[in-house]
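Please read the notes below with the structure open beside them.

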Amino acid sequence: MENNSYPYDELLVNKDVDSDYCCPLCTLLLSVNLQCREGHVFCVSCWNKQLENKKECVMCRCEVKSIACLSKNRFLEKEIRKLNIYCPNRFLKDKDCNDCLIEDENGCKSIITIDQIDSHLKSCLYNYVNCSNPGCGEEHRANTVGEHEKVCKYQIVSCLLCNDNNIQRKDLKYHYDCICSKTKTHCKCCSTLIERGQLPQHMAEECGNVLIPCRYKDGGCDKYIPRCELSKHLIEEDNHHKYILNIIEQHKSRMDQLASSINSMKLNFENQNRYSGKWIISNWSEKLQQFPAKKFLPLSFNLSPMKPFSIRLYPNGTNAMWGNITISLVKEFIIESKIKFSFEIENVDLSKSEEQVKVDTFKCLNDSWSLQFFGTYDSNNGFIRDNSITINFTIIVEKCYENCFITE
Ligand SMILES: [Zn+2]
Ligand SMILES: [Zn+2]
Ligand SMILES: [Zn+2]
Ligand SMILES: [Zn+2]
Ligand SMILES: [Zn+2]
Ligand SMILES: [Zn+2]
Ligand SMILES: [Zn+2]
């Protein structure tokens, strides 16, 4: 089916057309014609109407089974396509009124034949096209759409002040009035004209009319004063020396807190490598009987989760020759460590307690060092009380060789 969507009858330059060029039924121009085998010519829509009604030609009644059985009158078609018409773009686009074309003084002035219409419209400068600005949707003739796009309210434009280059023309005024950081605006407090972007800083640091808290707020002055009157207020308000003292006190106590937290940090650090304890052993006279030389009383403790130790107390020494009290420290972890340790047998009179100190390197697992006490320890000289002996001990890991590498 050929393109028949243009109102050719309306577009004709010379409306006075030979009646042979018109459909005998509807009198419209036969821009597309169909004929029966006897040569009776009607337009497509009149044939369609007729065949819905009866499968025959309305003139000669010959049978027409369907529209496909009809043929074209090529000669007639050729003649009609030579007729002069106005370009459809000569008229205003009016979708509500297809039958009444209104001439547009800015429209296309070309006169063409029906045959030329498709090729002409491909390049006619008066075709309607859409504005390319997103959101606009307006239609303009191809030769004027450029002008429209330049003033279109949906065109993307730049703010000349702040260089924001993604503003639609319609939003530009709002941008200047309410958003642009470079437009000047009055400070609400002092009415100074100032760039909008500078306003927060102006309020926070400069504006003399902004109410600010007194400098000695933390010391107890709860007054709010316009910034420009602060120095006057500081002179006039009598209690300020009191407020200043309050602030000094606050600072002092903060310093004390700081110092004490530093101390406790130090202590914590030392405690990680230090252990002291008191070991009270009751029924001492029985222990002397039960633990002959080489037999010991054990005590286990952890200096830290990774540093287990034990102490062995030999009431009658580590061999039969020497019957004196001997105390050993056993390092029950692998890492080689330099350890300072002390054992003290406590006396009722603490100044008479007997202490021994040793610093040594403990190498492998269960490595141990001993300290021997050669005195006499009994209830007469204050070392044994209620048949109990008390051992005080301190272990300090001075160096811990977490990684030890040996090349032989
Ligand atoms: Zn017709
Ligand atoms: Zn016929
Ligand atoms: Zn045209
Ligand atoms: Zn537009
Ligand atoms: Zn701007
Ligand atoms: Zn201001
Ligand atoms: Zn004040």
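1. Buried means under 20% relative accessible area, exposed means over 50%, and partly exposed lies in between, using a 1.4 Å probe and protein chains only. At 0% relative accessibility, Cys87 therefore counts as buried. Cys124, at 6%, is buried as well.

2. On the source: this is a predicted model, in which local features need pLDDT of at least 70 and side-chain atom pairs count only at pLDDT 80 or more, while totals for chains, interfaces and linings use all residues. Residues are numbered from 1 along each chain as its sequence is written, chains are lettered from A and ligands numbered from 1 in the order in which they are written, and side-chain values use heavy atoms, with hydrogens and water left out.

3. Which residues coordinate the zinc ion (ligand 3)? They are Cys87 (SG), Cys108 (SG), His120 (NE2) and Cys124 (SG), at 2.1 to 2.3 Å. Donors here are N, O and S atoms within 2.8 Å of the metal (3.2 Å for Na, K and Ca); water is not among the atoms, so sites may look incomplete. Along the chain the spacing is C-x20-C-x11-H-x3-C. Cys87, in the loop between β3 (84-86) and β4 (111-113), and Cys124, in the loop between α4 (117-123) and β5 (128-130), are 37 residues apart, and the pair links distant parts of the chain. Helices (H or I, at least four residues) and strands (E, at least two) are DSSP runs, numbered from the N terminus.

4. The angles between the four donor atoms of ligand 3 run from 102 to 115°, which makes the arrangement tetrahedral. The ideal angle for four tetrahedral donors is 109.5 degrees.

5. The zinc ion (ligand 5) has Cys159 (SG), Cys162 (SG), His175 (NE2) and Cys180 (SG) as protein donors, 2.0 to 2.3 Å from it. Its donor angles of 104 to 113° make this arrangement tetrahedral. The spacing is C-x2-C-x12-H-x4-C. Both Cys159 and Cys180 are buried.

6. How many disulfides are there? The count is zero, where a disulfide is a pair of cysteine sulfur atoms within 2.5 Å. For Cys62, the nearest cysteine sulfur is that of Cys60, 3.5 Å away. Cys62 is buried at 9%, whereas Cys190 is partly exposed at 24%.

7. An unreviewed UniProt entry lists residues 175-230 as "domain: TRAF-type"; such annotations may be inferred rather than shown by experiment. The span is 25% helix and 21% strand, with its end C-alpha atoms 37 Å apart.

Notes. Four donors count as tetrahedral if all angles lie between 85 and 135 degrees; four count as square planar and six as octahedral if opposite donors are over 155 degrees apart and all others between 65 and 115; anything else is irregular.
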